[in-house]
Structure formats: C-alpha cells, structure tokens
Amino acid sequence: MDFKIALLRGDGIGPEIVDSTVAVLKKIADKFGHNFSFTPYLIGGCAIDATGLPLPEETVKGCLESDSVLLGAVGGPKWDNQPGDKRPEKALLGIRSALGLYTNLRPAKLYNALRAASPLREEIVGDGFDLMIVRELTGGIYFGDRGYRQGKYGEEAYDTEAYSRVEIERIGRVAFETAMKRNKKLTSIDKANVLESSRLWRSIMHELSAEYPEVEYSDMFVDNGAMQLVRNPQQFDVIVTSNMFGDILSDEASQITGSIGMLASASLGDGTRGMYEPIHGSAPDIAGQNKANPIATILSGAMMLRYSFGLAEEADCIEKAVDKVLADGFRTADIVGNSGAEAIGCIEMTEKILERI
Ligand code: IPM
Ligand code: MG
C-alpha cells in the first residue's frame, strides 16, 4: 500500500527522534512491501525562525494533503518570551484544531523490563498496569474565550472552560468504543462537584453508558483520580477526560510507568488521518547530543500504522521489536535506572530496534 506521511520534526530532540522513526517505518515498508513517502514541514520554534509564524499555512496544507502526520516536539527556551499567540505551543493547538483531531489516545503501560524504573513501590505496582487515557483535544479551556479585562481587583486575565453536547458526545463515544475493544471498563474523570461544564459532561457520559451496558462505567472527581492513579493504577483500564485534565493526568500516568520517554500518542478525528507524537516535550537540554530516547516516537509510528493505515501486523512487529530490545537489556539514559546497563544513544537504540524488525 502507498501512504503519504507529513513529518513535523519541530524543535529540540524532535528531529532526532523523528528521523529514528522514519528509519523504522522505512524498514517496515521494505519488509512488508509498502511504499511510504515522507515530506517535512516546519512547525514550532524552527518555523518562527524561518517564517515568523509557529504554524505556517504551508504546513497546514501539507498535513491536509497527507494520509497521516508524524510529529516530534515543539518549543524551547529560545522562544519562551514570544507573545501567547506566537508561541511554538500555539502551533500544536492550531494543527490539532485544523485537522479536526478531537481525540487523543495516550496509552500508559508498565513494561515488565522497566518495572524497577517506576517510582511506585513493588506492592503498588503488583503485576503491572496498562491503561488508556482518552483525552478530549480540541475543546475546553484550551480553546475557550480568553483575554484581559478590568475586574474587581483591577487588571485580570481569564480563560474559559466550555464544552458543548456535541463535543462531549463524540469523545464519549470514542471512549466507550475503546473500552469495548479492551477490557470493557471505563472511568470518566471530571470536576462535576464544582464545574457546570463537568456536570453536562457527566450527564452525557451517563446517557452513553446506557447504550453500552456491557461496559463497567464509573465517574471520578479529578482530584481523587490523580490520587488513585498513584495509589492503585490497576483499577483503571480506559479513562476519558477533558482537554486540560487529560493533559495533567497523562503526564502523571506516564511518570508511574518509569519514563515519559516511552509513551506514544495518537490524535484522531472522524477520518483516518491522524497525528502521532510522543507525549514528552522537546528536551532542549539534551538536543543534538544523541541522548534522546526514540522509543516513544517509534511507538507513535506503530500507532499510525494501526489506527490510520489499518496495518496491525506491521504495528505489532514494531511493538515486539521494542519489547525485545528492552528485554535484551538495552537502555537509553532516561531508562537506565538501577538496571546496571550502560546507556546507549538515540542512534544506537534505533539500530538495535531495526535489527529486531
Ligand atoms: C501535550 C502538551 C501540550 C498540551 C502543550 C505543549 C500545548 O503538554 O501534548 O500534552 O498541553 O496539549
Ligand atoms: Mg502535556
């Protein structure tokens, strides 16, 4: 099969980890007889430097003409003083919205080989955990009305959390469908004891749960959810939550797996086109030093094959190669922990994975 992939390498370690993933996807294309073409576009700080804008029109157009998008990471200290609407991060929100990617799937699983890297105690980790966060990605406070005004105490800034029935229903449906394909267990996380938008969220999730009687459904307040994630992560399978709560809880979920450098994500809309990216950031402190862990991006490439291209066997092949490389004891610096292994670089880790495909 033929697929066109847009590459948004971005900033910091973005170029290194995207290049690793391209090498892996090329190997898969050879092995299984596919044809993947790759076209790079600018996004984030590098786009600001080249064009003055974090998300040039050409990038949006290129992504819309592609079958899928692979993104590294954006941002860095160099652009931290840009005004809010010209920051590299703004490009990320812009491209999610322009491509209609309202679903963000963030799996967080504890690899057996990396158990020692989890900050949770042995007895809490038990026999491991494997959860999927379904985060709403194009609504809520990230996209609500915002600005400055004169308030009770003079100058004030405000952001607004708003969710429509349509937005809640469509992400809820994705979550219930995801639960049906996994262990039929779904927890919706909100703040319905305080927020009106959460109360609408909760009531719509309840309506949907009536349509999915096989799914064991429950609600949880976000403060409790944050606590339960570190108290007993095994109680969760699929979690559905709003844009901002999902942002926060997915970082927490990634940390308890031992390394944020391991976790992939998929952003999806109604069609098959998606955007795939690691959940970690651009790590400017180690950029260009061959120290980055490419695994999260490589696993994002596997998610692209599975969710956008329907190539499950090929995706399995990548995931197995990653399992194998870890079982064989290879570690980048971020996941060395107390394993006694000598850290290898991004390039070497990529080679080890390629050898196992
Ligand atoms: C993420 C990131 C982004 C977000 C930032 C960089 C805009 O933290 O993808 O989790 O908040 O969505
Ligand atoms: Mg985040």
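**Close-up views of a predicted model**

**View 1. Ligand 1 takes up the space of the second largest pocket.** The model shown here is predicted. Seven names make up the surroundings of ligand 1: Glu89, Leu92, Arg96, Arg106, Arg135, Tyr142 and Asp247. Helix α4, which spans residues 88-98, gives the largest share of this shell, with 3 residues.

**View 2. Polar side-chain atoms lie close to oxygen atoms of ligand 1, including one of Arg106 at 2.8 Å.** Arg135 has a side-chain N or O atom 2.9 Å from an oxygen atom of the ligand. For Asp247, a polar side-chain atom is likewise 2.9 Å from a ligand oxygen atom. Ligand 1 on its own exposes 320 Å², and the protein buries 76% of that area.

**View 3. Helix α4 packs its buried residues against both helices and strands.** The buried residues of α4 are Pro88, Ala91, Leu92, Leu93, Ile95 and Arg96. Leu92 and Arg96 also belong to the surroundings of ligand 1. The helices that the buried residues pack against are α2 (45-51) and α3 (57-64). The strands are β3 (68-73), β4 (103-109), β5 (130-136) and β12. In an α-helix, residues three or four places apart point the same way, because each turn has 3.6 residues. After α4 comes Gly100, with a positive phi near 65 degrees.

**View 4. Ser282 sits in a loop between β12 (274-278) and α10 (295-308).** Is Ser282 buried or exposed? Its relative accessible area is 7%, under the 20% cut-off, so Ser282 counts as buried. Beyond residues up to four places away in sequence, Ser282 touches Asp11, Gly12, Ile13, Ala73, Val74, Gly75 and Gly76. With Gly75 there is a polar approach as well: a polar atom of the Ser282 side chain lies 2.7 Å from the backbone oxygen of Gly75.

**View 5. Thr178 belongs to helix α6, residues 165-181.** Thr178 has a relative accessible area of 13%. That value is under 20%, so Thr178 is buried. Which residues does Thr178 contact, leaving aside neighbours within four places in sequence? They are Met132, Val134 and Val238.

Methods: Residues are numbered from 1 along each chain as its sequence is written. Chains are lettered from A and ligands numbered from 1 in the order in which they are written. This is a predicted model: local features need pLDDT of at least 70, side-chain atom pairs count only at pLDDT 80 or more; totals for chains, interfaces and linings use all residues. Side-chain values use heavy atoms; hydrogens and water are left out. Helices (H or I, at least four residues) and strands (E, at least two) are DSSP runs, numbered from the N terminus. Buried means under 20% relative accessible area, exposed over 50%, partly exposed in between (1.4 Å probe, protein chains only). A polar contact is a pair of N or O atoms within 3.5 Å; within protein, one must be able to donate a hydrogen and the other to accept it, and residues adjacent in sequence count only if both atoms are side-chain atoms. Contact means heavy atoms within 4.5 Å. A residue is near a molecule or strand if one of its heavy atoms lies within 4 Å of it. Accessible areas come from the Shrake-Rupley method with a 1.4 Å probe; for residues, only the protein chains shown count as cover. On a 1 Å grid over the protein atoms alone, a cavity is a set of points where a 1.4 Å probe fits but cannot get out, and a pocket is an open set with protein on both sides within 12 Å along at least five of seven lines; lining residues have an atom within 4 Å of a point. A molecule sits in a cavity or pocket if more than half of its atoms lie within 2 Å of its grid points.
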